[in-house]
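Here are a few notes to go with your first look at this one. Have the picture open while you read.

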Amino acid sequence: MFGWMRADPICSMFIALTIGLSTLSLIKESVMVLMQRQPVALDRLLPSCYQKVTGLAGVYSVQEPHFWTLCTDAYVGVIKLEVSKNVDPKYVVQHTRMIFEAIGVRQINIQLDYTAM
């Protein structure tokens, strides 16, 4: 209408750039979920949970912890505990589960590794 032949491609590039920039956070979050990376929200909470778990009677150490996001704000984890041979496994598993549920981990698999310390 005005004879501005360059305006259409410039506007199209601007719109494409705006759409691309607005989806970067969504793409980043999706990649973090697909790569099963540890959620940033748990970075500062997990060390205190590990200390609480090692404070349980008969628990010596926490080994091979892995936590990831199943979907938005639904955290899942796997943890291996080195425990005494005469520890009550139900006590350790139940209290460990409660410690991690308090920070939002909905499902956790706990493996007990018995040692003779």
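Predicted model: local features only at pLDDT ≥ 70, side-chain atom pairs only at ≥ 80, totals over all residues.

**Notes on the overall layout and one residue**

1. How does the radius of gyration of the protein chain sit against that of a compact globule? The chain has 24 Å, while a compact globule of 117 residues would come out near 13 Å. Along the principal axes, the C-alpha atoms fill a box of roughly 85 × 20 × 20 Å.

2. On secondary structure, you'll find four helices and three strands in the protein chain. Going along the sequence, they run α-α-α-β-β-α-β.

3. Of the contacts with a separation of 6 or more, 63% are between residues 24 or more positions apart. As for burial, 27% of the 117 residues count as buried.

4. The accessible surface of the protein chain is about 8,400 Å², and carbon and sulfur atoms hold 61% of that. Charges next: there are 10 positive and 9 negative side chains, and the centres of these two sets are 1 Å apart.

5. Most residues other than glycine have a negative phi. Is Glu 64 buried or exposed? Glu 64 counts as exposed because its relative accessibility is 59%, and the cut-off for exposed is over 50%.

Note on methods. Residues numbered from 1 in each chain as written. Heavy atoms only, no water. Buried < 20%, exposed > 50% of the residue type's maximum accessible area, 1.4 Å probe, protein only. Helix = DSSP H or I, 4+ residues; strand = E, 2+ residues; numbered from the N terminus. Rg over C-alpha atoms; globule rule 2.2 N^0.38 Å. Contact = heavy atoms within 4.5 Å. Areas by Shrake-Rupley, 256 points an atom, 1.4 Å probe, with all protein chains shown as cover. Lys, Arg positive; Asp, Glu negative; His and termini not counted. Charge placed at Lys NZ, Arg CZ, Asp CG, Glu CD.
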